[in-house]
Amino acid sequence: MKDLARIFRALADETRLQMLALILHAGELCVCDCMQVLDIGQSKASRHLRYLANVGLLDDRRQGAWVYYRVSSGLDAGRGVVVDAVQRLLPRERI
């Protein structure tokens, strides 16, 4: 139950929800993409993306100085249902 609460706390933040929406739409984004689209600083973008990764919703990969994030390939059933629900609820237009 605590694990599920952590996931919903992560998605209760508008910035993190926007980031997840962007990644669901694009497939994979680097921190700089989120910074540009959401008009936020690098520290804030990195912190929020790391939060989503820590609750198991995102995976990351490093390529040189860049860090790219995508929806986790190892989502368990609960996380998968949450991500699917978020994707279905998102507006079809770009954020």
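**Exercise 1. Find which residues of the largest nonpolar core touch the most other members.**

Solution. Start with the term: a nonpolar core is a set of buried Ala, Val, Leu, Ile, Met, Phe, Trp, Tyr and Cys residues joined through side-chain atoms within 4.5 Å. Buried means under 20% relative accessible area, exposed over 50%, partly exposed in between (1.4 Å probe, protein chains only). The largest such core has 27 residues, and L11, M19, L49, L58 and Y69 touch the most other members. Next, the elements: α1 (2-11), α2 (14-26), α3 (31-38), α4, β3 (66-71) and α5 (77-89) each give two or more residues. Helices (H or I, at least four residues) and strands (E, at least two) are DSSP runs, numbered from the N terminus. The largest share, six residues, comes from α2.

The model is predicted: local features need pLDDT of at least 70, side-chain atom pairs count only at pLDDT 80 or more, and totals for chains, interfaces and linings use all residues. Residues are numbered from 1 along each chain as its sequence is written, and side-chain values use heavy atoms, leaving out hydrogens and water.

**Exercise 2. Decide which cysteines form a disulfide.**

Solution. The criterion is a pair of cysteine sulfur atoms within 2.5 Å. C30 and C32 qualify, with sulfur atoms 2.4 Å apart. The S-S torsion is about -55 degrees, so this disulfide is left-handed. The sulfur of C34 is 7.6 Å from the closest cysteine sulfur, in C30, too far for a bond.
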